[in-house]
Structure formats: structure tokens, C-alpha cells
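Hi there,

Here is the structure I promised to pass on. Have a look at it first, and my notes follow below.

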Amino acid sequence: GSPWRTMDASERGRLLNKLADLVERDRLTLATMEAIDGGKLFSTAYLMDLGACIKTIRYCAGWADKIHGRTVPMDGNFFTFTRHEPVGVCGQIIPWNFPLVMFIWKIAPALCCGNTVVVKPAEQTPLSALYMGSLIKEAGFPPGVVNIVPGFGPTAGAAISHHMDIDKVAFTGSTEVGKLIKEAAGKTNLKRVTLELGGKSPNIIFADADLDEAVEFAHIGLFYHQGQCCIAGSRIFVEEPIYDEFVRRSIERAKKYTLGDPLSPGVQQGPQIDKEQFQKILDLIESGKKEGAKLECGGGPWGNKGYFIQPTVFSNVTDDMRIAKEEVNKFLAVNTGDFLFKCVYKISIQKVKGEYGLQEYTEVKTVTIKIPQKNS
């Protein structure tokens with residue numbers, strides 16, 4: 001078989017650790033690429049994104065030789081055990097908002113389980129993925145294990161989704177495209193599909209909360225990376241007694257942001273990714289005003305160059321408004337939470353990373369061997 005197919009699991013872990021070393025060595029270069037390519041704040045890319053990438057690779061490296069099956073008691077003279085085998089070729093389609101983080105989150109668990117990958121970076125932000133290709137080669141991964149295919153969704157993405165020799169597709173992006181990928185899998189070889197799609201995440205703030213803390217974390221939860229985050233908390237449900245004060249403090253906080261070049265020290269907000277997103281956000285802001293929400297601050301472009309939008313706060317938002325339902329996370333939509341607080345009994349958060357995430361990249365196979373005589 002190929003070098004990758006016959007490689008010891010511990011050697012896969014060593015290669016991943018080597019890759020983590022190289023990412024750490026080139027942390028400055030990669031963070032700069034993320035800022036130039038996607039408008040991400042350099043400080044955020046360097047401290048948060050690169051830090052998370054390095055830790056994720058090392059975490060998955062540690063799992064490489066710890067993925068194993070079980071022995072199974074069975075009637076008769078048989079020895080039965082299970083193996084966790086690689087799924088095979090994994091197509092991985094990643095978004096533009098966290099290019100490097102998503103690249104690592106996709107390839108690291110797949111590789112630690114022994115799969116090969118075909119990665120399509122977003123057409124808006126391909127640079128860090130292409131640079132990672134050179135680091136993967138330098139780390140010593142055999143040729144063909146990681147394949148990086150830049151391109152557009154309707155061409156490169158569709159080819160991955162429909163390909164009969166791809167055994168699994170992992171996609172992070174819009175719900176609309178996620179449906180297309182599911183459909184493609186069903187029409188071809190019923191490949192396994194895992195999806196991380198859009199959302200409209202709420203923050204729920206009770207009357208006994210520390211208001212300064214609540215306002216600050218609500219703003220971080222939304223305006224992080226210009227609101228371009230699938231888990232951005234763009235709906236704020238505030239309990240009635242503190243509603244007006246929360247809105248007032250949110251307006252004050254929004255007006256303090258410094259916009260500008262994401263590579264410049266002191267800048268707290270960069271541009272939107274491209275003209276399409278820029279226009280989509282402005283259109284949604286207009287819908288909020290037309291549907292009766294109160295625009296408290298912001299609501300328009302900033303400056304005369306680049307796709308910058310002012311930090312924006314709406315109040316008097318109701319659940320039937322587009323700004324409360326559609327995932328363009330660029331402004332605080334503050335709802336009064338009286339009805340919600342009567343109805344919410346339990347909030348649970350579940351993450352499917354870690355050990356459970358690795359299960360998506362293995363197939364459990366049962367092996368039964370006839371033996372002369374078993375020992376119970």
C-alpha cells in the first residue's frame with residue numbers, strides 16, 4: 001500500500017506535531033496573511049486564531065495513536081474485535097470568515113484518523129490555505145495526503161460534493177449551500193456529510209446581571225471580526241427592568257469603536273469581506289428601519305474607502321423582523337425579553353469537537369476470527 005496507508009499511527013502524530021511546530025514558527029506570516037486576505041484584525045489573527053490552530057493540531061496529534069476498538073465477548077469459539085478505520089478520501093469545503101482556523105479544524109482530525117483530504121478554501125481567502133500546503137510538504141506528509149483545490153463553489157465545490165471517489169464531505173458555511181451538498185451526496189454515492197451551518201444566536205441577559213460586563217460581552221459576541229462569525233450573538237434578549245439602560249450603554253459602547261486598517265495598532269474593527277457582504281448588510285439595516293425597529297446608532301458606511309460599516313444598534317426589535325431572523329451578524333438587535341423569560345427553563349450548549357468529532361472521520365469495522373478453543 002501507499003506510505004500513508006501503512007504508516008504507524010504514532011508517526012501520523014509525529015507529522016502533525018511537526019506541522020504545529022512549523023505553524024508556530026511562521027505565526028507572524030500566517031497572521032499577516034489573514035489580515036491582508038480577509039480584513040481580520042492582525043492582533044486577533046495572531047493571538048486568537050493562530051493560537052487556536054496550533055493547539056488544535058497538537059491535540060489531534062495526541063489522538064493519532066489512541067483511536068482504537070474493543071474486544072467483544074461472543075458465543076462459541078470466536079475471537080471478535082472492532083477496528084476504527086479511516087473513512088477514506090474526505091472533501092472539505094471551508095468558509096472565508098476564519099480561513100486558517102477552519103482549514104486546521106478540517107484537516108487535523110481527518111489526518112489524525114488516517115484519512116486523506118481534498119480541501120477547497122473560500123475563493124475570497126485562499127492565501128493561508130495555500131501557504132499551509134507548503135508547510136504540510138515541509139513537515140514530511142506523503143504526496144497526495146493533503147490536496148488543496150482553490151476555486152468557486154459551483155465548480156470546485158460542486159465537483160467535491162458530487163465526486164464518486166470522495167467518501168465524506170465536511171462543510172462550514174451557509175444553510176443554502178449545505179442543502180445542496182446533502183442533495184449531491186444523496187444523488188451520487190451517499191457519501192457521509194457533516195455540516196456546520198448558519199445561525200442567529202441569542203444572548204440572554206437577566207435583570208441581576210452586571211450590566212457593564214453584560215454590555216461588553218454582548219459586543220464581543222457580536223462585533224468580533226466585524227460580526228462575520230457563525231456563532232455571533234446578534235440577538236440580545238434583555239429582561240424588561242434593565243432594557244432601557246442596557247440599550248443606552250450599548251449605544252455608548254458602539255460609538256467607541258475605532259475603525260480602520262486591520263494591520264494598524266489600536267484599530268478595533270476592519271472592513272467586511274467584500275462588496276457582496278457589504279451590500280447585504282446595508283440592505284438588511286434598511287429592512288430593519290422599514291419594519292419598525294429603532295436605529296439607535298450607526299446604520300451606514302464608514303469612510304470613503306473600503307467596505308467599512310459603522311457599528312450599529314437597533315432597539316424595539318421583534319421576532320418577525322428580518323434583522324431578528326437572517327444571519328447577517330453586523331448589528332445588535334435588542335429585544336425585550338419578558339415573554340422569553342417566562343418560557344425559558346433550560347439552556348444547554350453542546351460542542352461536537354474533541355473525541356466525538358473524531359468519530360466522524362472513522363468507520364467502525366467488526367472482525368470475527370474462528371479459533372480452536374476460547375478461554376472465557
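In which loop is N316 found? N316 sits in the loop between β11 (312-315) and α12 (322-325). Please keep in mind that this is a predicted model. In it, N316 has a positive phi, near 55 degrees, although the residue is other than glycine. With a relative accessible area of 42%, N316 is partly exposed.

You will find H225 in the loop between α9 (211-223) and β9 (235-238). H225 counts as buried because its relative accessibility is 7%, and buried means under 20%.

Now for the chain as a whole. It has 14 helices and 13 strands, and its C-alpha atoms fill a box of roughly 80 × 45 × 40 Å along the principal axes. Of the 376 residues, 47% are buried. Among contacts with a separation of 6 or more, 75% join residues 24 or more positions apart. The chain exposes about 19,000 Å², and carbon and sulfur atoms supply 55% of that area. As for charge, there are 44 positive and 43 negative charges, with mean positions 5 Å apart.

A word on confidence: the mean pLDDT is 90, and 93% of the residues reach 70 or more. Over residues 337-352, however, the pLDDT is below 50, and this stretch has 12 contacts in the model beyond near neighbours in sequence. Where pLDDT is low, the predicted coordinates should not be read in detail.

Best wishes

How values were computed: Residues numbered from 1 in each chain as written. Predicted model: local features only at pLDDT ≥ 70, side-chain atom pairs only at ≥ 80, totals over all residues. Heavy atoms only, no water. pLDDT = per-residue confidence, 0-100. Contact = heavy atoms within 4.5 Å. Helix = DSSP H or I, 4+ residues; strand = E, 2+ residues; numbered from the N terminus. Buried < 20%, exposed > 50% of the residue type's maximum accessible area, 1.4 Å probe, protein only. Areas by Shrake-Rupley, 256 points an atom, 1.4 Å probe, with all protein chains shown as cover. Lys, Arg positive; Asp, Glu negative; His and termini not counted. Charge placed at Lys NZ, Arg CZ, Asp CG, Glu CD.
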